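Please look through the sequence and the model below before reading on.

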Amino acid sequence: MTSSIAELIAERIDTMPAGERRAAQTLVASYPLIGLKTVADFSQQAGVSSPTILRFVARLGFHNYAEFQATLQDELAAQLQSPASRTYAPSSRGKGAVSPMLEATLDNLRETFRHITDRQLEEIAACMAARRGHMFLIGGRFTDPLARYMAAHLAIIRPNVFHLAGQESMWRDRLIDMGKHDVVLIFDIRRYQDSLLRFAEKAHQRGVAIVLITDQWLSPIARFARHVMAGRTAMPSAWDSSAALFVIAESLIDAATRRLEAEGARRIREMEGLR
């Protein structure tokens with residue numbers, strides 16, 4: 001699979017001039033719909049000139065704006081796919097044959113971390129390690145186990161970590177305790193969950209820093225997120241894979257643990273003493 005436009009942006013945004021960076025941030029915040037509008041509309045929303053939009057598109061490797069929009073249209077179609085419409089892999093059981101599922105999983109991992117920078121990891125880890133506020137984690141129908149897994153680890157190395165479980169009304173009730181010093185980490189992959197989007201918007205309105213872990217097509221929660229990290233999820237199967245997201249989660253746990261080395265070690269020793 002070729003790189004998505006969101007992945008190309010993540011890979012190249014640090015080298016972009018200020019105007020192109022604004023174009024990139026505007027696209028990510030309204031992904032992919034703003035890119036499907038005219039150059040004039042895109043430039044007006046980004047607050048840059050039309051030639052800047054065209055330079056931004058060229059920097060991503062497209063020959064023209066029409067090619068850029070065609071790719072976005074293909075991505076939008078992929079976002080909307082249901083499991084029933086996806087292609088199953090042919091069986092591969094020959095001697096020594098690598099399972100198509102395994103091969104696709106390894107490819108997803110390679111491509112995910114080819115587009116994630118050390119700077120991204122460290123910025124999100126710093127956000128997670130900030131001890132002034134509370135940290136909340138939540139996921140969707142298939143990704144909430146990842147949020148629970150991260151919360152279990154982070155609660156060992158820092159205080160005030162909470163996994164938001166149960167019904168949407170229970171998440172909203174927790175908003176009353178959230179403010180500008182707090183962080184919400186959200187997992188959301190296609191077909192994106194409206195309840196998570198509503199929750200993210202309310203949290204954003206309260207000044208909460210949102211960290212989004214999503215797929216290569218970007219959840220609409222990106223418009224409210226301070227940090228966005230995308231993992232490859234598509235498989236030769238009816239189902240998407242969370243394997244790359246799991247490795248992202250473990251990478252962030254490791255980075256946060258290193259940032260909180262002294263406090264984490266103290267908490268672990270104290271916990272052991274309470275057993």
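## The largest pocket

In this predicted model, helix α2 (18-29) gives the most to the lining of the largest pocket, with five residues. The elements that give two or more residues to that lining are α1 (5-12), α2, α6 (100-115), α7 and the strand β5 (227-231). The space that lies in this pocket comes to about 690 Å³.

Of the 28 residues that line the largest pocket, I13, Q120, R226, H227 and V228 are the closest to its centre. Taken by class, the lining is made up of 15 nonpolar, six polar and seven charged residues.

## Helices α7 and α11

Helix α7, which covers residues 118-129, packs against helix α11, residues 243-259, at an angle of about 60 degrees, and the axes of the two helices are 8 Å apart. The crossing in which α7 passes α11 is right-handed.

On the α7 side, the residues that meet α11 are L121, E122, I124, A125, A126, M128 and A129, while α11 brings S251, L252, A255, A256, R258 and R259 to the contact. By class, this contact of α7 with α11 has nine nonpolar residues, together with one polar and three charged residues.

The secondary structure of the chain comes to 12 helices and five strands. Along the principal axes, the C-alpha atoms fill a box of roughly 65 × 55 × 35 Å. A compact globule of 275 residues would have a radius of gyration near 19 Å, and the chain, at 20 Å, agrees with this.

## Backbone points to check

Most residues other than glycine have a negative phi, and most peptide bonds are trans. Against that background, the peptide bond from Y31 to P32 is cis, with omega near -10 degrees, and P32 is found in the loop between α2 and α3 (39-46). A cis peptide bond also joins R190 and R191, where omega is about -5 degrees; R191 lies in the loop between β3 (183-188) and α10 (194-205).

N160 is not a glycine, although its phi is positive, at about 60 degrees. The place of N160 is the loop between α8 (144-157) and β2 (161-163).

Definitions and conventions: Residues are numbered from 1 along each chain as its sequence is written. This is a predicted model: local features need pLDDT of at least 70, side-chain atom pairs count only at pLDDT 80 or more; totals for chains, interfaces and linings use all residues. Side-chain values use heavy atoms; hydrogens and water are left out. Axes are lines fitted to C-alpha atoms, for helices over the stretch in contact, and angles run from 0 to 180 degrees between N-to-C directions. Helices (H or I, at least four residues) and strands (E, at least two) are DSSP runs, numbered from the N terminus. A crossing is left-handed if the near helix is turned anticlockwise from the far one by less than a right angle, and right-handed if clockwise. Contact means heavy atoms within 4.5 Å. Ala, Val, Leu, Ile, Met, Phe, Trp, Tyr, Cys and Pro count as nonpolar, Asp, Glu, Lys and Arg as charged, and the others, Gly among them, as polar. On a 1 Å grid over the protein atoms alone, a cavity is a set of points where a 1.4 Å probe fits but cannot get out, and a pocket is an open set with protein on both sides within 12 Å along at least five of seven lines; lining residues have an atom within 4 Å of a point. Grid points are joined across faces, edges and corners, and a volume is the space filled by probe spheres set on the points. The radius of gyration is taken over C-alpha atoms; the globule rule is 2.2 Å times the number of residues to the power 0.38.
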